[in-house]
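Below is a brief report on the bonds, contacts and packing of one protein chain. Please read it alongside the model.

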Amino acid sequence: MSTRNAARPNSSGRSGFSLIEVLVVIAIIGILVALLLAAVQAAREAARSMACRNNLRQLGIAISNYESRWSVLPPPTVSELSPHLRLLDDLEQRPLYNSINFNVLSIMRSINFENKTAFSTSLDGFICPSDVPPTQGWCSYPANAGGGVQKFDYNGLFAPRVSIASVRDGTSATVAFTEWTLGYDAKNQKVRRSWMTPNMLPGPNQLDQFAAECNSIDDPASFVGGRGNLWFLGSLENTLYNHVLPPNRPSCSNGGSVDFGAWTAGSFHGSSVNSVFADGHVKTFTTIDPQVWRALGSRSGGEVVSQP
């Protein structure tokens with residue numbers, strides 16, 4: 001039987017995809033890639049936050065070891081040496097600690113000459129992985145100076161002659177170190193800026209008024225600060241913070257005064273901020289009542305608060 005007249009395939013039939021089908025597939029792939037990238041980014045940030053918590057935990061262990069040896073916590077000194085510098089030996093940084101010339105009386109002279117190399121060294125344990133600065137010598141983990149400098153004086157964990165026994169509010173209810181956003185490149189990133197309130201309000205009864213002004217400050221009143229610069233200097237803005245305002249709120253000088261200002265906890269971990277307490281446990285805060293936050297900043301304020 002002849003097959004010449006057998007049916008042939010329709011030459012007008014198609015074997016590929018239409019443009020619409022290709023675009024739909026590309027769109028689906030794009031959505032899947034976007035979801036995957038978001039998941040990867042979230043996983044990376046979770047890992048960075050975990051590393052940040054570990055850095056704070058090491059600082060908590062270090063102050064416990066320091067207090068066991070010296071019977072006091074490491075204070076910021078008259079020459080403005082930070083608690084961080086005092087803790088170097090307890091953070092397995094003895095060679096760096098031993099390299100520092102403590103006989104130099106002028107701290108500025110020690111920066112420029114004898115101790116320039118030591119003080120320009122960056123330590124991974126002092127830097128949050130989510131906020132790595134472009135230059136040396138920064139510190140992401142300030143020490144707690146108190147609930148509010150004007151109202152309570154330096155009533156935090158780090159002041160002269162403070163021991164664990166003198167923390168009458170309890171070590172589990174007193175923050176030791178937290179994290180903040182570093183103040184480099186502050187002109188280009190609002191979250192890194194420090195602000196200046198228009199009025200000087202240093203009185204004991206003016207804390208709430210100052211806090212309200214700082215909390216409502218706007219861009220035209222800003223000034224570029226170096227929050228977290230120079231890990232060896234034991235002063236507000238450099239390595240000390242306070243609890244005037246809750247986490248992720250502005251940092252402000254009080255009418256130009258750094259010492260009477262609000263130096264606030266903050267982070268790049270979304271809305272969360274990590275803190276280590278005097279007993280060594282680490283807690284992540286998202287939202288917290290301002291009065292509870294202030295109470296957690298004082299070592300002997302006698303406040304009655306529920307643990308957040």
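## Salt bridges

A salt bridge is a side-chain nitrogen of Lys or Arg within 4 Å of a carboxyl oxygen of Asp or Glu. This is a predicted model: local features need pLDDT of at least 70, side-chain atom pairs count only at pLDDT 80 or more, and totals for chains, interfaces and linings use all residues. Residues are numbered from 1 along each chain as its sequence is written, and side-chain values use heavy atoms, with hydrogens and water left out.

The whole structure holds 4 salt bridges. One of them pairs Asp90 with Arg69, at 2.9 Å from N to O. Asp90 sits in the loop between α2 (83–86) and α3 (94–98), and Arg69 sits in helix α1, so the pair ties together parts 21 residues apart in sequence. Helices (H or I, at least four residues) and strands (E, at least two) are DSSP runs, numbered from the N terminus. Asp90 has 16% relative accessibility and so counts as buried. Arg69, at 41%, counts as partly exposed. The cut-offs: buried means under 20% relative accessible area, exposed over 50%, partly exposed in between (1.4 Å probe, protein chains only).

## Two further pairs

Arg192 forms a salt bridge with Asp131; their closest N and O atoms are 2.8 Å apart. Arg192 is in the loop between β2 and β3 (194–196), while Asp131 is in the loop between α5 and β1 (143–144), so this pair ties together parts 61 residues apart in sequence. Arg192 is buried at 5% relative accessibility. Asp131 is buried too, with a relative accessible area of 3%.

Asp208 and Arg294 also meet through their side chains in a salt bridge, 2.8 Å from N to O. Here the link runs between distant parts of the chain: Asp208 is in helix α7, Arg294 is in helix α8, and 86 residues separate them. Asp208 is partly exposed, with a relative accessible area of 46%. Arg294 is buried at 6%. Side chains of opposite charge can pair when their charged atoms come close.

## Helix α7 and Glu213

Which residues of α7 are buried? They are Leu207, Phe210, Ala211, Glu213 and Cys214. These residues cover an arc of only 160 degrees around the axis, so they lie on the same side of α7. The arc is that of the directions from the helix axis to the C-beta atoms.

Glu213 is buried yet has no salt bridge. The nearest side chain of opposite charge is that of Arg294, 13 Å away. For this search Lys and Arg count as positive and Asp and Glu as negative; His and the chain ends are not counted. The side chain of Glu213 does make a polar contact with the side chain of Asn199, at 2.8 Å. A polar contact is a pair of N or O atoms within 3.5 Å; within protein, one must be able to donate a hydrogen and the other to accept it, and residues adjacent in sequence count only if both atoms are side-chain atoms.

## Cysteines

There is 1 disulfide, where a disulfide is a pair of cysteine sulfur atoms within 2.5 Å. The disulfide joins Cys214 to Cys252, with 2.0 Å from S to S. This pair links distant parts of the chain: Cys214 is in helix α7 (residues 207–215), Cys252 is in strand β6 (residues 252–254), and they are 38 residues apart. The torsion about their S-S bond is about 90 degrees, so the disulfide is right-handed. Both Cys214 and Cys252 are buried.

Cys128 is in no disulfide; the nearest cysteine sulfur, that of Cys52, is 3.8 Å away. Cys128 counts as buried at 3% relative accessibility. Cys139 is buried at 0%.

## Nonpolar cores

A nonpolar core is a set of buried Ala, Val, Leu, Ile, Met, Phe, Trp, Tyr and Cys residues joined through side-chain atoms within 4.5 Å. The largest one has 55 residues, and Phe177 and Trp231 touch the most other members. Elements that each supply at least two residues include α1 (19–70), β2 (175–178), β8 (273–277) and α8 (290–297). The largest share, 6 residues, comes from α1.

A second, separate core has 11 residues, among them Leu201, Leu207, Cys214 and Ile217.

## A buried serine

Ser251 lies in the loop between β5 and β6. Ser251 is buried, with a relative accessible area of 2%. A polar atom of the Ser251 side chain lies 3.0 Å from the backbone nitrogen of Thr264.
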